[in-house]
There are 4 protein chains.
Amino acid sequence: MPDKSPYSELKERVLEANLKLVKEGLVVLTWGNASEVDRERGVYAIKPSGVSYETMKSDDIVIVSLETGEVVEGSLRPSSDSPTHHVLYKAFPSLGGIVHTHSEKAVSWAQANREIPCMGTTHADTFYGSVPLTRRLTEKEINDAYEVNSGKVIVEHFTEKKLNPEHVPGVLLPFHGPFTWGKNGMDAVKNSIILEEVAKMAMNTLLIAGKSMEAPDYLKDKHFLRKHGPGAYYGQK
Amino acid sequence: MPDKSPYSELKERVLEANLKLVKEGLVVLTWGNASEVDRERGVYAIKPSGVSYETMKSDDIVIVSLETGEVVEGSLRPSSDSPTHHVLYKAFPSLGGIVHTHSEKAVSWAQANREIPCMGTTHADTFYGSVPLTRRLTEKEINDAYEVNSGKVIVEHFTEKKLNPEHVPGVLLPFHGPFTWGKNGMDAVKNSIILEEVAKMAMNTLLIAGKSMEAPDYLKDKHFLRKHGPGAYYGQK
Amino acid sequence: MPDKSPYSELKERVLEANLKLVKEGLVVLTWGNASEVDRERGVYAIKPSGVSYETMKSDDIVIVSLETGEVVEGSLRPSSDSPTHHVLYKAFPSLGGIVHTHSEKAVSWAQANREIPCMGTTHADTFYGSVPLTRRLTEKEINDAYEVNSGKVIVEHFTEKKLNPEHVPGVLLPFHGPFTWGKNGMDAVKNSIILEEVAKMAMNTLLIAGKSMEAPDYLKDKHFLRKHGPGAYYGQK
Amino acid sequence: MPDKSPYSELKERVLEANLKLVKEGLVVLTWGNASEVDRERGVYAIKPSGVSYETMKSDDIVIVSLETGEVVEGSLRPSSDSPTHHVLYKAFPSLGGIVHTHSEKAVSWAQANREIPCMGTTHADTFYGSVPLTRRLTEKEINDAYEVNSGKVIVEHFTEKKLNPEHVPGVLLPFHGPFTWGKNGMDAVKNSIILEEVAKMAMNTLLIAGKSMEAPDYLKDKHFLRKHGPGAYYGQK
């Protein structure tokens, strides 16, 4: 009888987060991946690459070293986007979980190479300001180390624009799609649900108004601070 | 053994109304809330703030005093939008139930800062004239008492425009979203379903016609009066 | 023990047709109605007005005289659109079933006051030429006998344009929505499914092409005649 | 007791592929068909024409000779599109399965007479370059042998443009809709799911950006080659 994995609870949670993406309609076929980090033990758990969600078991979830990016436990290859998760976990210590999807409307904004302006309170409740769009990777960056550089360009964007990843829990990569994050895997999933909803509403708003809209700053502040920070009064104590 | 709550039936109905919002796809995550008033006993029952619909029980529903706006029964915080409900119940004696959602298409019109013109009979059957859009709250109104002032600006709009809330069972707040109401909680839910459907059709119509459309007044009158008032002949006697 | 209704099979079929509309997502709340005619016995069966689909039983279906338009059997009021069905059954002897819905995309074209041009083979397989749009009713026609005149304006359109209702199994009423028909109730439901699908695709095509498209006549002929008439070879013999 | 069909496994797989189309929402009513070829035995199995998916059994699947296009086994008529499948299997030896649908968004691009440009990585992962659009068939081609010529014009397009059907697993026919293919029937279904998703995103992108977008060639190459060819590293070994 094999020893039980020391990561079984983490893997179980990451499996659930990945299955939730499917249930919420954010993932088609095998597109998309969720991970969660355990900073004390220096690892993150991530979906295996190209495996069907219908048959995925918690033991298929791959454990990766936060230090080296190498597989620590698991017989399958990690998601091909694992290096992007790795870069983000290393650069942003507040991240507990990361999700990548090809959800329809968020991808559409990414393909249009447009950030999503804050057009209303649904957006402002979770994202402080626009959902940002990074610069395009160069040909060299893509050919040298595509997935690593996808992470680096996100870090570069947040650093240069002085964005706090806790206040802006997601980003769009041009021609590609969204990454979101949160306190843990399931929280990152929640933020990917919100991002997709916000992307839908923003597209509709563009079409109805015939132009982009922007909520006033004091409304954005009110909604974000109603839910976040010391003065928050949304939800239970 | 605890005494049974005197409000248990009211709470049961409000729970059902809230769950119906989820079932109809009008609510994502914990966004949205339904309430119902009992004017004889001077209270309304409302969803608790930020609680998952999957685990919500009727005992989580909060009873609030119509007089003071204070919690009368329940261990959880009421919805953060409770003060808006409170203002509306006080100002409009005909209201029996109120619903707030972030339903996709109604929010999109709100974000576009446009009222929804009556483009056809689906709209005219329930809303007499446009689904109105209030003015924007000022920075001061938002910072002083956001939720109370969200209610007040609705009342101001209906008063100034001489709108009858029984004939116009809903409204849009700019950059935010819809409030609807009705004879009771479930009737308010029904009107939020109708508003979302009307908002979808109006957006499509804009895109197909390339401009806004407006049904003739005599068609609006016919459809509204077929369903409402002494000459109504839709439905059973 | 009461005598069994002589119309029980007809009522059963009409109940099924109405429930199919809900299952296919063409009907919200109580909007929409399906009927089927029995020309030998001189009656048609139709949904009652404003009754919930969730509790509707076959005995709620109302039997109406084709001669007089009066109720022959049933304790509930027939659909408020019953006079429209009546006019159509009288004018078009080939009709076996009629459906009216407020399906989202077909209503959107009706609200835009535009017929749906034949943009491709999905359309041409069932509708020979455009899905027509009648003229608007006058104020007098609406106030005098709205539902009867809704039927009459359809008949007027088909007569003036020399359209064969067997080749064009549906129509749009301006600012209102679609009526479809077929060999029986379920066939009319099938044509309302097709009309909604065709309306979706035509709207998308407008948006993608930036203008209306029109399939060549020889492609329209080919597809329609592949399925209809003596040379048809689609389906089983 | 009848002899068991030598094609029972093939028919079972083709039934499953056809039912998967319905489950994925790519097919309405009886529109669409999937087939799979067995090149060793010189036959392909295809859906019967106009049969309801709800009652279809594996014995309804029709076996057609790859040599002659004639039915080899089965009592029902093959899909009316069978000659198109036949032409494609003969011309492209790498094809193992073929699917035709009237999926909403792919049809909309076909009706707009526009190829789908590669606007991002979701597209580039599966289609190398645009999803092509063939030229329109002439009146003579349509009247002489519509379904055969639908296949021939696809072959003509791929030949003239030097497209490899393994790298471009689908195509649009003007005013009609998509054909996709793959290693087997289920793989062709998978590519029809992807095509519909890509068509949705491309339409949204057009509307958000106000113009067509095109991913840079090095990003297209990276994504396609990450999944295909000797250097592929997506999925499991």
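Visitor: How many residue pairs are in polar contact across the interface of chain C and chain B?

Guide: A polar contact is a pair of N or O atoms within 3.5 Å; within protein, one must be able to donate a hydrogen and the other to accept it, and residues adjacent in sequence count only if both atoms are side-chain atoms. Across the interface of chain C and chain B, the rule finds nine such residue pairs, both residues being at pLDDT 80 or more. Helix 3 (104-111), helix 5 (139-160) and helix 6 (185-209) of chain C each supply at least two residues of the side of chain C that touches chain B; helices here are DSSP runs (H or I, at least four residues), as strands are (E, at least two), numbered from the N terminus. Helix 3 of chain C gives the largest share of that side, six residues.

Visitor: On what conventions do these values rest?

Guide: This is a predicted model, in which local features need pLDDT of at least 70 and side-chain atom pairs count only at pLDDT 80 or more, whereas totals for chains, interfaces and linings use all residues. Residues are numbered from 1 along each chain as its sequence is written, chains are lettered from A and ligands numbered from 1 in the order in which they are written, and side-chain values use heavy atoms, with hydrogens and water left out.

Visitor: How much area do chain C and chain B bury between them?

Guide: The size of an interface is often given as the accessible area lost when the parts come together. Buried area is taken with a 1.4 Å probe and summed over both parts. For chain C and chain B the value is about 3100 Å², 59% of it on carbon and sulfur atoms. Arg77(C), Gln111(C) and Phe175(C) supply 24% of the area that chain C buries against chain B, more than any other three residues. The contact (heavy atoms within 4.5 Å) takes 36 residues from chain C and 33 residues from chain B.

Visitor: How many salt bridges does the rule find across the interface of chain C and chain B?

Guide: A salt bridge requires a side-chain nitrogen of Lys or Arg within 4 Å of a carboxyl oxygen of Asp or Glu. The rule finds two across this interface. The side chains of Arg226(B) and Asp81(C) form a salt bridge, at 3.7 Å from N to O. Between chain B and chain A the count is also two; there Arg226(A) meets Glu147(B), with the closest N and O atoms 2.6 Å apart.

Visitor: Which chains do not touch chain A or chain B?

Guide: Chain A and chain C do not touch, their nearest C-alpha atoms being 11 Å apart. Chain B and chain D do not touch either, and the nearest C-alpha atoms of that pair are 11 Å apart.

Visitor: In what order do the strands of the open sheet of chain C lie?

Guide: Two strands pair if DSSP finds at least two bridges between them. The seven strands of chain C have the order 4-3-2-1-5-7-6, with antiparallel pairing. Strand 4 (71-73) and strand 6 (170-173) of chain C are the edge strands, each pairing on one side only. Four bridges join strand 1 (residues 33-38) to strand 5 (residues 97-100) of chain C, and Ser35(C) has Ile98(C) as its bridge partner.

Visitor: Which strands does helix 1 of chain C lie across?

Guide: Angles run from 0 to 180 degrees between N-to-C directions, the axes being lines fitted to C-alpha atoms, for helices over the stretch in contact. Helix 1 (residues 8-23) of chain C lies across strand 1, strand 2 (43-46), strand 3 (62-65), strand 4 and strand 5 of chain C, at about 155 degrees to strand 1.

Definitions and conventions: Buried area = accessible area lost by both parts, 1.4 Å probe.
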